[in-house]
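Q: Please take a close look at one part of this predicted model. I would like to know how its surroundings are built.

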Amino acid sequence: MSDRSSLQTDEAVKEPMDTQSEFGAQYDSLSDVVAFGVAPAVLVFSWSLSALGKLGWVAAFIYVAGTALRLARFNIQREIVDSNYFVGLACPAAAYFLASAVWTLVDSNIQGETVALTMVVLTAVCGLLMVSSIPYPSFKNSDLKARVSLLAIMAAALIFAFVSLDPPRVLFLLTGLYLLSGPALWFRKRFGRKQNAPKEEK
């Protein structure tokens with residue numbers, strides 16, 4: 001009996017728990033607000049937005065508030081939304097976009113004060129996109145355990161090589177394209193349905 005019970009115990013230990021407490025989810029969201037909301041806002045404000053005074057504060061606040069609201073909505077809707085798409089711009093993508101923008105401009109020897117108005121617009125737009133209903137590809141359903149072809153491995157190697165040539169500009173380009181992919185997908189779905197809708201017979 002002891003051997004059988006110990007065997008059952010070992011099997012139970014080996015089984016994955018695959019559980020997440022509500023406290024853990026909220027604590028994780030809090031850390032995301034700091035990492036993807038407060039940190040990018042402080043970076044952009046200290047480098048550029050501070051030159052505009054209150055207008056810079058407003059743009060930074062919109063971004064941080066957008067991050068917090070985006071994560072709160074994600075926690076509420078994570079079980080009911082389509083896993084193929086994010087509802088609104090994901091917080092990490094927005095943070096990477098702003099960070100790569102600052103990196104690119106600093107690498108180009110551009111002073112933050114000279115592009116303060118542009119950074120205000122970009123910061124506020126990122127904050128508004130996060131709380132919008134615009135769909136963004138999530139790539140969650142990618143099967144990482146599936147067999148990878150040699151062509152896919154070569155493509156990944158080429159992408160890494162391409163990024164290494166000029167990291168700030170390449171990352172800014174990639175994140176910028178992802179930022180624009182949401183509105184493009186929204187326009188295609190919205191106006192594509194109208195064009196493909198059957199015409200009513202007179």
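The part I mean is C126: is this residue buried or exposed, and what lies around it?

A: C126 has a relative accessibility of 0%, and because buried means under 20%, this cysteine counts as buried. C91 is also buried, at 3% relative accessibility. Applying a cut-off of 2.5 Å between cysteine sulfur atoms, the model contains 0 disulfides.

C126 belongs to the set of residues through which helix α5 (residues 116–130) meets helix α4 (residues 91–107). On the α5 side the set consists of M119, L122, T123, C126 and M130. On the α4 side, C91, A94, F97, L98, V102 and L105 take part. By class, the residues of this contact are 10 nonpolar, 1 polar and no charged. The two helix axes come within 9 Å and cross at roughly 170 degrees. Angles over 145 degrees count as roughly antiparallel, so α4 and α5 are roughly antiparallel to each other.

C126 also has a place in the largest nonpolar core, which has 32 residues. The residues with the most contacts inside this core are L49, Y63, L89, M119, C126 and Y136. Helices α2 (22–47), α3 (54–77), α4, α5 and α7 (167–196) each supply at least two of its residues. The most comes from α4, with 8 residues.

M119 is named both in the α4–α5 contact and among the core residues with the most contacts. Leaving aside residues up to four places away in sequence, M119 touches V102 and L105, as well as V44, W47, S48 and L49.

Note on methods:
Residues are numbered from 1 along each chain as its sequence is written. This is a predicted model: local features need pLDDT of at least 70, side-chain atom pairs count only at pLDDT 80 or more; totals for chains, interfaces and linings use all residues. Side-chain values use heavy atoms; hydrogens and water are left out. Buried means under 20% relative accessible area, exposed over 50%, partly exposed in between (1.4 Å probe, protein chains only). Axes are lines fitted to C-alpha atoms, for helices over the stretch in contact, and angles run from 0 to 180 degrees between N-to-C directions. Helices (H or I, at least four residues) and strands (E, at least two) are DSSP runs, numbered from the N terminus. Angles under 35 degrees count as roughly parallel, over 145 as roughly antiparallel, 65 to 115 as roughly perpendicular and the rest as oblique. Contact means heavy atoms within 4.5 Å. Ala, Val, Leu, Ile, Met, Phe, Trp, Tyr, Cys and Pro count as nonpolar, Asp, Glu, Lys and Arg as charged, and the others, Gly among them, as polar. A nonpolar core is a set of buried Ala, Val, Leu, Ile, Met, Phe, Trp, Tyr and Cys residues joined through side-chain atoms within 4.5 Å.
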